[in-house]
Amino acid sequence: MKTNFFPLALFALMLISIEANANINPPKPVYKSTTPPKRAMTIAELTGNLQFDFGKADIRIKYDDQLDQLAKMLIDKNYSLALRGHADSIGTYVGNWKLSDKRANRIKDYLVKKGVSAEKIVTTPFGSTMPIASNKTPEGRQKNRRVEVRINAINNTLNTSL
């Protein structure tokens, strides 16, 4: 039986090419929270301060469940949200102001990606101007590196007396 070598070689090259492309562009892993979903959180728990590492605006994984439940509540109910960013006193005034703004906006971006309307979220940076603990200790500075979450009910009626 006579076989044509060229079509078989072409087919083999196509298979190798497909395999090579699969190795060059592997599927991106899906990252999920390392903590299993917990019970429904109370409003007080959902609005607890979110703390950050020194000089960073990265959201800690331990807040995923809290933020996911907060997003669901904001979508399901008629609430708006105020995110108030803060920093400790280490660094420059302007640098801390920018960092506190970045922290609040990272939380906002997370919630928007979960389906919350961006129009329902207001962010305000405070820099290091409103500490809740002493900046003289590492523990106090950690408490000051935070985003405060404030939930507001949206009134469905228009005030026509204005």
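In this predicted model, the axes of helix α3 (residues 64–76) and helix α4 (residues 93–113) come within 9 Å of each other and cross at roughly 60 degrees. The crossing of the two helices, α3 and α4, is right-handed.

| Helix | Residues in the contact |
|---|---|
| α3 | Asp64, Leu67, Asp68, Leu70, Ala71 and Leu74 |
| α4 | Ile107, Tyr110 and Leu111 |

By class, this contact of α3 with α4 has seven nonpolar and two charged residues, and no polar ones.

The largest nonpolar core has 20 residues, and those with the most contacts inside it are Leu50, Leu67, Leu70, Leu81, Leu83, Ile107 and Leu111. Two or more residues of this core come from each of α3, β2 (79–85), α4 and β4 (146–153), with α3 giving the most, namely five residues. In soluble globular proteins, nonpolar side chains tend to be buried together.

Leu111 belongs both to the helix contact and to the core; leaving aside its neighbours within four places in sequence, Leu111 is in contact with Leu67, Leu70, Ala71, Leu74, Leu81, Val116 and Ile121.

For the protein as a whole, the secondary structure comes to five helices and four strands, and from the N terminus on the elements run α-α-β-α-β-α-β-α-β. Buried residues make up 30% of the 162 residues, while among contacts between residues at least 6 apart in sequence, 74% join residues at least 24 apart.

How values were computed. Residues numbered from 1 in each chain as written. Predicted model: local features only at pLDDT ≥ 70, side-chain atom pairs only at ≥ 80, totals over all residues. Heavy atoms only, no water. Axes fitted to C-alpha atoms, helices over the stretch in contact; angles between N-to-C directions. Left-handed = near helix turned anticlockwise from the far one by under 90°. Contact = heavy atoms within 4.5 Å. Nonpolar A, V, L, I, M, F, W, Y, C, P; charged D, E, K, R; others polar. Core = buried A, V, L, I, M, F, W, Y, C linked by side-chain atoms within 4.5 Å. Buried < 20%, exposed > 50% of the residue type's maximum accessible area, 1.4 Å probe, protein only.
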